[in-house]
Amino acid sequence: MVERRPWLDIFTHALLLLSAVALLVPVWLAFVAATKDVVGVNSVPIHWLPGPRLTENVAEAWRRGGFASRFTTSLIVAVGVTLGKIVLAMLAAFAIVFFSWRARVLVFWAIFITLMLPLEVRIVPTYAVAANALAPFQAILDAAGLTGLIEAVSGIHVALQWRLLNSYPGLILPLIATATGTFLYRQFFLTIPEELVEAAKMDGAGALRFLWDVLVPLSRTTMAALATIMFVYAWNQYLWPLLVTTEPERSTVMVELSRMVPRGDGLPEWNIVMAGALLAMLPPLAVVVLMQRWFVRGLVQTEK
Amino acid sequence: MAAIELTGVSKTYGTNMAVREVDLALPEGAFVVILGPSGCGKSTLLRMVAGLEAINAGELRIGGARMNEREPKDRGCAMVFQNYALYPHMSVAENIGYPLKVAGLSRAERKARVAEVAGALELAPLLDRRPGQLSGGQRQRVAIGRAMVRHPKVFLFDEPLSNLDAKLRVQMRLELRRLHERLGATSVLVTHDQQEAMTLADHLVVMNAGRIEQQGTPREVYARPASLFVAGFLGAPAMNLLPAEVLASGDTVRLIDGTLLRLPEPVERRGAVMLGIRPEHVAAGGLAAKVEMVEDLGASALVHARLAGLAPLAFHSPAEAPPLRGAEVGLDLPPSRLHLFDPAGGARLPLGVGQIRQRARAEGGLSVTSASL
């Protein structure tokens with residue numbers, strides 16, 4: 001849209017500026033708080049200029065939160081979710097776009113509907129599954145009377161058990177199942193001209209060969225966009241890691257950060273908490289900055 | 001032996017029949033052009049041969065073997081698409097070599113074959129470029145190279161020249177023909193461009209509404225159109241078609257204004273017919289007509305006139321001295337140049353068969369005689 005209206009220009013710029021300020025003020029306040037000592041951070045009115053204690057606070061937060069190992073956990077989870085999501089989304093979209101099979105529309109809508117069921121809504125059943133991923137199969141065996149049959153014949157009581165709690169699969173798998181990536185990929189695949197698919201067929205490339213040789217290289221920007229979104233999404237997860245990890249060695253940065261928040265009559269060391277928050281912000285920030293160019297290209301899709 | 005044989009081949013989409021029971025035998029090593037208006041089923045037919053569309057009924061044989069159930073890659077066909085369909089992320093060399101890579105050839109072998117094809121198509125200096133950096137004509141050559149590299153028995157071209165500008169199209173047309181002569185494989189090209197069809201084809205197939213209207217050499221089809229559709233479709237400007245009536249004697253037709261024309265031989269048919277004559281065959285004579293419009297085609301002028309009975313008639317005149325608009329001219333419709341068609345079914349009515357055959361043979365190539373005034 002190209003419009004030349006000075007008032008509209010001023011208005012849009014004002015709006016942009018206002019949003020930027022609204023987003024940046026809390027970050028600035030966190031930064032200022034992270035540079036104060038306990039007295040400074042709790043004094044009223046609020047301080048707007050940084051103090052001298054940034055490095056001490058950061059070091060203290062790093063030590064207290066055990067961030068060295070928490071960062072490793074969070075990185076494994078975030079990278080795992082990102083990779084899993086890309087593979088799953090690409091394969092699902094591939095099946096939906098390039099193959100005509102009977103249940104195609106049904107599956108597409110089933111995936112679409114999961115958009116309306118984020119993890120927070122289905123967290124209780126998801127937890128039940130994570131507690132024993134094989135429970136549904138056990139239920140089927142029980143209902144079919146097979147458990148009793150096997151016990152009568154062999155004397156072995158079948159009790160299927162696969163606990164995902166406090167494990168990386170438990171942290172990663174439930175976060176992979178979202179529809180956004182599938183949609184992003186579907187939109188991209190729909191822009192691939194039909195003739196390209198047919199040319200590959202004539203050249204003798206099978207479906208997987210076509211996926212690997214043509215679609216994967218062509219979708220690099222889409223992949224970058226999805227990777228950025230998913231990394232930030234997974235890194236910032238709080239509720240699910242809190243539920244599924246009961247052992248401190250398995251908790252993520254976000255969970256650990258919330259544990260640092262002073263409660264009850266503890267010492268209100270907000271300076272340390274804010275220093276920790278600054279640390280926790282760094283990896284997603286780095287990913288966004290590094291991927292920015294690709295990310296925008298993947299979303300606007302000017303290149304084909 | 002026929003390279004490609006179709007027997008009763010049909011294709012239906014729901015209730016819509018795109019291709020209706022086509023029987024076609026394409027001679028080995030020939031350049032076959034399938035011509036027809038858009039939506040006539042010609043591309044569908046080609047895609048069925050390629051294996052990109054399933055065949056609903058009938059049988060397809062290539063080189064004598066039934067192909068209906070075979071995968072596209074096992075049919076020995078290579079295809080060149082209208083939009084080239086090059087892989088945008090691969091270099092020219094990778095594009096051409098891709099079928100070989102899929103087939104599992106070693107890197108060295110691939111390189112040799114790609115170099116050979118690139119040499120033949122003058123693509124050698126472009127091998128490291130991406131398709132996005134090439135012009136339309138160069139992309140088309142890469143697409144042809146990708147088809148050639150597999151040494152297929154059959155080349156299929158789906159409107160390969162329609163995305164090129166006029167000058168390049170003529171140039172690529174010659175190049176296609178030259179390539180065909182050198183490779184000796186059977187080529188099947190689908191187009192809606194009749195000039196392309198006339199110049200390229202050894203064997204011309206005209207399709208309409210999913211059926212084959214006529215096939216033969218371009219000269220045969222042009223000289224003796226088998227139906228009203230072919231008469232109207234092939235030839236630019238199109239053949240003049242005038243409603244007329246065969247009188248009881250059988251050797252005279254009456255135009256709607258009452259003019260009587262003598263036929264070279266008596267016909268069996270009586271009553272209403274469609275009389276056809278090509279613009280280049282209209283001569284000067286005693287038939288009164290009024291000039292309505294003159295189009296300067298450069299080499300000649302195309303004059304649109306109206307006969308006394310208001311029937312429109314187009315004819316060629318020398319470009320230097322065309323008649324003026326509104327002028328009265330005298331025309332003649334030579335009997336030996338007339339075509340008669342059944343106005344209801346569109347079928348050609350036999351007329352002076354022996355005579356016209358002789359003339360066609362005597363004329364030999366594509367010599368167009370323009371009527372002078």
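## A bridged sheet in chain B

In strand S18 of chain B, Leu331(B) is the bridge partner of Leu287(B), and this pair comes from a model that is predicted. Elsewhere in S18(B), Gly330(B) is the residue that stands opposite Ala288(B). The strand that S18(B) is joined to here is S15(B), covering residues 283-296, and the two run antiparallel with six bridges between them. S15(B) is also joined to strand S16(B), residues 300-307, in this case by seven bridges and again in antiparallel fashion. Within that pairing, Lys290(B) has Arg306(B) in S16(B) as its bridge partner. S15(B) and S16(B) together form a hairpin with three residues between them, and in the turn Gly298(B) has a positive phi of about 95 degrees.

These pairings belong to an open sheet of four strands in chain B, whose order is S17-S16-S15-S18 and whose pairing is antiparallel. Strand S17(B), residues 312-318, and strand S18(B), residues 328-332, stand at the edges with a single partner strand each, so one side of each has no neighbour in the sheet. On average, and with direction ignored, neighbouring strands of this sheet are turned by 50 degrees against each other.

## Annotated regions of chain A

For chain A, an unreviewed UniProt entry places the feature "transmembrane region" at residues 12-34, 75-99, 106-124, 171-189, 210-235 and 270-291. Among these spans, residues 12-34 of chain A are 100% helix and 0% strand, with end C-alpha atoms that lie 33 Å apart. Residues 75-99 of chain A are 96% helix and 0% strand, and the end C-alpha atoms of this span lie 35 Å apart.

The unreviewed UniProt entry also lists "domain: ABC transmembrane type-1" at residues 71-291 of chain A. Over residues 71-291 the chain is 72% helix and 0% strand, and the end C-alpha atoms are 20 Å apart.

## Helix H4 of chain A and its two contacts

Two packed helices are described by the angle between their axes and the distance between the axes. For helix H4(A), residues 67-98, and helix H13(A), residues 220-235, the axes come within 8 Å and cross at roughly 140 degrees. This angle makes H4(A) oblique to H13(A), and the crossing in which H4(A) passes H13(A) is right-handed. On the H4(A) side the contact includes Ser74(A), Val77(A), Ala78(A), Val81(A) and Lys85(A), while Met223(A), Leu226(A), Met230(A), Phe231(A) and Trp235(A) are among the residues they meet in H13(A). The residues of this contact divide into twelve nonpolar, two polar and one charged.

The axes of H4(A) and helix H9(A), residues 168-176, come within 9 Å and cross at roughly 40 degrees. H4(A) is therefore oblique to H9(A), and H4(A) passes H9(A) in a right-handed crossing. The contact is made by Ile76(A), Val77(A), Gly80(A), Val81(A), Gly84(A), Lys85(A) and Leu88(A) of H4(A), together with Tyr168(A), Leu171(A), Ile172(A), Leu175(A) and Ile176(A) of H9(A). By class, the residues of the contact of H4(A) with H9(A) divide into nine nonpolar, two polar and one charged. Val77(A), Val81(A) and Lys85(A) of H4(A) take part in both contacts, the one with H13(A) and the one with H9(A).

## Where chain A touches chain B

Between the two chains, 15 residues of chain A are in contact with 16 residues of chain B. Helix H11(A), residues 194-202, and helix H12(A), residues 207-218, each supply at least two residues of the side of chain A that touches chain B. H11(A) gives the most to this side, with six residues. The residues on the chain A side divide into eight nonpolar, one polar and six charged.

## Backbone details in loops

The peptide bond from Val44(A) to Pro45(A) is cis, with omega near 0 degrees, and Pro45(A) lies in the loop between helix H2(A), residues 38-42, and helix H3(A), residues 54-64. In chain B, a cis peptide bond joins Ala236(B) and Pro237(B), with omega about -5 degrees. Pro237(B) has its place in the loop between helix H8(B), residues 228-233, and strand S11(B), residues 240-246.

His151(B), a residue other than glycine, has a positive phi, with a value near 50 degrees. His151(B) is found in the loop between helix H4(B), residues 136-148, and strand S7(B), residues 154-158.

How values were computed: Residues numbered from 1 in each chain as written. Chains lettered and ligands numbered in written order. Predicted model: local features only at pLDDT ≥ 70, side-chain atom pairs only at ≥ 80, totals over all residues. UniProt positions renumbered as here; feature names shortened; annotations may be inferred. Axes fitted to C-alpha atoms, helices over the stretch in contact; angles between N-to-C directions. Parallel < 35°, antiparallel > 145°, perpendicular 65-115°, else oblique. Left-handed = near helix turned anticlockwise from the far one by under 90°. Contact = placed C-beta atoms within 7 Å. Nonpolar A, V, L, I, M, F, W, Y, C, P; charged D, E, K, R; others polar. Pairing = 2+ DSSP bridges.
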